[in-house]
Amino acid sequence: MTYPKRAVVVGVSHWHSTYDAAYVELLRDMNVDVVGIADENEEIVRNRAERFKVEPFQDYRQMIDRTRPDFIVALGRHVDMPEIFRHLVEIGIPFLMEKPWGIDDATVRELAELASKRNSWVCVPYFSRFTLWAEMARSMVQSGEVGAISHIVFRMIRPTMQRYVAWDSPWMLSKDQAGGGALLNLGSHGFDICRFITGEEPSVVSAVLSNVVHKSEVEDYAHVTLRTPKGIIFHNEVGYTLPTWPKNATDAEQKVAGEKAIVREVAGGVHILGPDRDEMVSVPDGYVGGCRRVLYECFERLAVGKPPPITAYDCARAVTLIHDAYRLAR
């Protein structure tokens, strides 16, 4: 891999700088030189700088001017993302920005239009696309192996939202700064997976929100039902209600139920069940998925002049569905 050589990370008060995706470590594991990190919060950026032995900046613009990176990972508070996005489009350096890019769908659509107009290279890391289940399900749907699809289930229930406080991102509990809760943060993966697997543009037909567990400003549970033009029902269930913290676990289910087969994610691989098959497909040795795969895809495509693997339009469409669900639920 020859590209990139130098990267910076903007907005390291976002938990994905250090936890879960852990972009700073991930970039280094991929032999990319992280030449700077930035955040307005001086205490957090200095902590990260000491932890990773990298130069800290409070002004991301100054960091980019001084370090001259050839790739940028942009994080930060959701409310701050539009300003960061516009600046990165203006300077023209390829970048990956964590979802949702803003706290309202109109702004995110405007950002996607700006990126298209300026021919900007920007990727959103919807990492759920890069699982063996999602890739197999998409392929089998496209080949007709599944037949007519009845419904698809996507469930992602994570531990308490208090983990964001422990991970130096307390702003995730604020509606003004985060824009929403579990639906905005976790549900976006489900909305993207629906489009990725079916190839259709779904609409929201029902939505319910709850915050009875944590009683926060933002929802800790959501269940949204989508329907595609062909009549596929998609159940998107997300929450911060798994009672395992401090164990960072996930209660998950991914399943495509069709006329000819059910394709279900199971521990260690994918289970395919049909009239004449009951097959377990194990995850191949060396399979790379998740956020690491997103970065690999980005770098491989940049090296040969291809567009990003997941586009600005993909982000805008998922965020619009999220806010359609908010409007319906409220």
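Trainee: In which loop is the place of Asn119?

Mentor: Asn119 is in the loop between H5 and E6. These labels are DSSP runs numbered from the N terminus: helices (H or I, at least four residues) and strands (E, at least two). This is a predicted model, in which local features need pLDDT of at least 70, side-chain atom pairs count only at pLDDT 80 or more, and totals for chains, interfaces and linings use all residues. Residues are numbered from 1 along each chain as its sequence is written, and side-chain values use heavy atoms, with hydrogens and water left out.

Trainee: Why is Asn119 called exposed?

Mentor: Its relative accessible area is 70%. Buried means under 20%, exposed over 50%, and partly exposed in between (1.4 Å probe, protein chains only). Asn119 is therefore exposed. Its phi is positive, about 55°, although Asn119 is not a glycine.

Trainee: How do you know that Trp101 is buried?

Mentor: The relative accessible area of Trp101 is 0%, so this residue falls under the limit for buried. Trp101 also has a positive phi, about 75°, without being a glycine, and lies in the loop between E5 and H5.

Trainee: What makes E1 and E2 a pair of strands?

Mentor: Two strands pair if DSSP finds at least two bridges between them. E1 and strand E2 (residues 33–38) are joined by 5 bridges and run parallel, so they pair. In E2, Asp33 is the bridge partner of Arg6. E2 and E3 are parallel too, with 2 bridges.

Trainee: Why are E3 and E6 called edge strands?

Mentor: The open sheet has 6 strands in the order E3-E2-E1-E4-E5-E6, with parallel pairing. Strand E3 (56–57) and strand E6 (122–123) each pair on one side only.

Trainee: How do you know that the protein chain is as compact as a globular protein of its length?

Mentor: The chain holds 12 helices and 14 strands. Its radius of gyration is 20 Å, close to the 20 Å from the globule rule for 330 residues, so the chain is as compact as a globular protein of that length. The radius is taken over C-alpha atoms, and the rule is 2.2 Å times the number of residues to the power 0.38.
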